[in-house]
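Q: I am new to this structure. Could you walk me through how to read it, one feature at a time?

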Amino acid sequence: MVGLAAQPDARGRLPRPRFHWRYGLGFVLLLCSLLALVAVGQFAGWIGSAHGRAQAEAAADYRASSLLLALRAVPQAGSSEAGPVAEAAYAGAVRRVGGQLLDARYGPAPGQVELTVRITGTSVGGALTGHRRTTVRHCYDFGWTGGPAAAVRSSTDCPPVAAGLLAAAGKAEALADRLTPLSGTAAALQADTAALLSRAKAAPGITFRESALPGPLNGSTVGSTVAAVSNAEDGCVFVELHAGVVTAWPAPLLAACTPARAAQAVQTG
């Protein structure tokens with residue numbers, strides 16, 4: 001029985017293998033298939049990236065819309081429902097939507113307020129795009145005259161913010177959260193800022209500057225003490241001490257960390 005293997009010729013030499021065109025065609029088809037797969041993958045990635053960014057931007061806009069509604073619900077300064085410091089309420093509303101209060105500007109018209117807020121939106125793609133996470137950061141201005149119920153929203157360019165300020169924002173929020181519950185304590189009744197910071201377990205090396213605001217203020221004849229608390233790592237916290245009530249809030253990131261700036265927030269509501 002003759003085998004299938006190539007047989008040597010009369011001189012004992014094996015015949016040279018011949019390249020058949022079908023082999024070449026198969027190789028070309030295989031190469032084209034691989035290139036097509038790569039192209040499809042790249043196209044799917046591009047589509048997924050564009051879709052992910054659109055979703056992230058929609059998420060940021062949704063948070064901005066939620067913040068607008070929250071700000072409109074803040075009682076007007078001077079009303080019976082209003083808190084001691086309106087800026088503290090604005091900062092709290094911004095935090096609840098996961099945003100960052102970059103700046104708060106007052107005037108020149110009476111009751112005129114403008115906030116600049118940075119909001120982050122995220123989306124996570126599906127299996128086709130490898131569960132890619134997309135993050136966008138947009139800035140918005142919220143402004144009104146007379147009262148927050150008239151607030152309107154507009155998009156704006158994000159101002160430059162030093163990386164150190166962003167890193168310290170969370171610590172400033174935490175310190176403000178520890179100071180506010182100290183209302184009614186002996187330190188609060190005596191307007192003793194140093195004692196309050198000690199009880200709030202402020203970081204070593206933190207400093208404060210304070211000034212007195214005479215009454216009448218916010219409907220009371222009793223004056224207030226305002227303080228700006230800061231250090232390089234913990235950001236800036238504004239504090240108002242009024243008749244034993246402590247109101248503390250993280251200062252807007254671009255605001256001057258001074259008692260004068262804290263006093264401006266208190267005097268405007």
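Predicted model: local features only at pLDDT ≥ 70, side-chain atom pairs only at ≥ 80, totals over all residues.

A: Gladly! Let us begin with burial: buried means under 20% relative accessible area, exposed over 50%, and partly exposed in between (1.4 Å probe, protein chains only). Residues are numbered from 1 along each chain as its sequence is written, and side-chain values use heavy atoms, with hydrogens and water left out.

Q: How many aromatic pairs are there?

A: A pair of aromatic rings is described by the distance of the centres and the angle of the planes. Rings of Phe, Tyr and Trp (its six-membered ring) pair if their centres lie within 6.5 Å; planes under 30 degrees apart count as stacked, over 60 as edge-to-face and the rest as tilted. The count here is 3 aromatic pairs. One of them joins Tyr90 and Trp144, edge-to-face, at 5.2 Å centre to centre with 75° between the planes. Tyr90 sits in helix 2 (residues 86–96) and Trp144 in strand 3 (residues 133–145), so this pair ties together parts 54 residues apart in sequence. Helices (H or I, at least four residues) and strands (E, at least two) are DSSP runs, numbered from the N terminus.

Q: Are Tyr90 and Trp144 buried or exposed?

A: Tyr90 is buried at 4% relative accessible area, and Trp144 is buried at 5%. Another pair, Tyr140 with Phe142, is tilted: 6.4 Å centre to centre, 45° between the planes. Tyr140 is buried too, with a relative accessible area of 1%.

Q: What is the order of the strands in the open sheet?

A: Strands of a sheet pair through backbone hydrogen bonds, either parallel or antiparallel. Two strands count as paired if DSSP finds at least two bridges between them. This open sheet has 4 strands in the order 1-2-3-4, with antiparallel pairing. At its edges are strand 1 (100–106) and strand 4 (152–156), each pairing on one side only.

Q: How many bridges join strand 3 to strand 4?

A: There are 5 bridges between these antiparallel strands. As an example to find on screen, Cys139 has Thr156 in strand 4 as its bridge partner.
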